Amino acid sequence: MTILNSTGQLLQQLIQLPSVTPNDSGCQPLIATRLAASGFINETMPFATVSNLWSRRGQQSPLFCFAGHTDVVPAGKLQAWQHDPFSAILEGERLYGRGAADMKGGIAAFITAVERFVSHHPHHRGSIALLLTSDEEGDAVNGTVKVIERLQQRGEAIHWCLIGEPSSQQQIADTIKNGRRGSLTGQLQVHGVQGHVAYPHLAENPIHNALAALAELIATEWDQGSPEFPPTTLQISNIHAGTGASNVIPGELEVQFNLRFSTALNQALITSRVTDLLNRHSLRYTLNWNLSGNPFLTSGGELLAAAKESVAEICGFTPVVNTSGGTSDGRFIAPTGAQVIELGLLNTTIHKVNEQVKLGDVDKLSIIYEKILEKLLL
Ligand SMILES: [Zn+2]
């Protein structure tokens, strides 16, 4: 029978608080109490329905920050779960529950790493902080972005930021993310003239007009990628036209597409290339853009080096460093000039039913985090 140690116990407590986004459900107060006992000063920064916690120990520079989120995605179909998603059932070596890997396991590892580090080294150099939000899985409007704004207003600068998102692929700590691609969505409306299909000369079919342009759009090579980033990609995610009737030429065509782009590009470059393309095809259109995140990259620096060395010492292998996957809250932190990396649990069950973690992985992650603190703050 597996006995839960301190990291496992904390993780179990956190899973049992059903913090479906944007609810925190008491996770941050629990964490704040733990951190206060280790000499942290807690500051809650609620915005609208979102709970945020900024907890800091020490006033000196450099400032090391663990960042993450207490909210989880909904459990989905309850019947599909082997165990209740908020009961945190332990089965053998595995703890089951929504948020176990994404990312309450990471948070539990932050806390126990900090507790051990501070008790062994109460006079460490610099400062340690935790930045936690309940808004990462939702709109990400009132979470990390707002906390960072407030910190910047008062001149509080993060030097090193470790985000505990589940970055590992096959085994714990095999992958560190040192950046993410940007994400830009285009909402295109191609205008035509509605009419009867038997009288096409009296109408203008936006589907016919747009097809060649869309074919060119998806065949475009945006860049060639770089050692740090895969080539930029564009995917059409939604397309709609027509009234449903077979005898009506539609008046409008709507297309939604999304680009995942590297630091070789930016919104202005992309929009001008897309606009040129559409204009060359003489379309009548309206085009709106939504930038959900710029790309960011921490190509070197002490934080990445300390993380790689710590993984090598504790796990006995060198982790892969890449920028794959969707965007993360790092997009709000990196523009301040902070070095930002992501290192966390396995991502194999995140957002799925039967989300789970191996307790040994959570323990190892906590030891890696502690080692990183030792390398940077002693
Ligand atoms: Zn997450």
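Let me begin with an open sheet of 3 strands, whose order is E4-E5-E19 and whose pairing is antiparallel. The labels follow DSSP runs, where helices (H or I) have at least four residues and strands (E) at least two, numbered from the N terminus, and two strands are said to pair if DSSP finds at least two bridges between them. The edge strands, each of which pairs on one side only, are E4 (90-91) and E19 (356-358).

Before I go further, please keep in mind that this is a predicted model, in which local features need pLDDT of at least 70 and side-chain atom pairs count only at pLDDT 80 or more, while totals for chains, interfaces and linings use all residues. Residues are numbered from 1 along each chain as its sequence is written.

Staying with the sheet, E4 and strand E5 (residues 94-96) run antiparallel and are joined by 2 bridges, and the partner of Leu90 in E5 is Leu95. In general, strands of a sheet pair through backbone hydrogen bonds, either parallel or antiparallel.

How do H3 and H9 cross? The axes of H3 (residues 100-120) and H9 (residues 359-377) come within 8 Å and cross at roughly 50°. The two helices are therefore oblique to each other, given that angles under 35 degrees count as roughly parallel, over 145 as roughly antiparallel, 65 to 115 as roughly perpendicular and the rest as oblique. The crossing of H3 and H9 is right-handed, a term used if the near helix is turned clockwise from the far one by less than a right angle, with anticlockwise giving left-handed.

As for the residues involved, H3 contributes, among them, Gly105, Ala109, Phe110, Ala113 and Phe117, and these belong to a set that meets H9 residues including Val362, Leu365, Tyr369 and Leu373. Contact here is taken to exist if C-beta atoms, placed from the backbone, lie within 7 Å. By class, the contact of H3 with H9 has 9 nonpolar, 4 polar and 3 charged residues, where Ala, Val, Leu, Ile, Met, Phe, Trp, Tyr, Cys and Pro count as nonpolar, Asp, Glu, Lys and Arg as charged, and the others, Gly among them, as polar.

Let me turn to strand E6. Is E6 (residues 127-133) largely enclosed or open? Since 7 of its 7 residues are buried, E6 is largely enclosed by the rest of the structure; a residue is buried if 20 or more other C-beta atoms lie within 10 Å of its own, exposed if 12 or fewer, and partly exposed in between, again with C-beta atoms placed from the backbone. Ser127, Ala129, Leu131 and Thr133 point one way from E6, while Ile128, Leu130 and Leu132 point the other way.

E2 and E6 run antiparallel and are joined by 6 bridges, with Ser55 opposite Leu130 in E6, whereas E3 and E6 pair in the parallel sense over 7 bridges, with Gly68 opposite Leu132 in E6.

A few loop details deserve a look as well. The peptide bond from Thr21 to Pro22 is cis, with omega near 5°, and Pro22 sits in the loop between helix H1 (6-15) and helix H2 (27-36). Ser25 is found in the loop between H1 and H2 too, and its phi is near 50°, a positive value in a residue other than glycine. Ser25 counts as partly exposed, because it has 19 C-beta neighbours inside 10 Å.

A cis peptide bond also joins Ser61 and Pro62, with omega about -5°, and Pro62 lies in the loop between strand E2 (52-57) and strand E3 (63-69).

Along its principal axes, the C-alpha trace spans about 80 × 45 × 40 Å.

Key. Axes fitted to C-alpha atoms, helices over the stretch in contact; angles between N-to-C directions. Contact = placed C-beta atoms within 7 Å.
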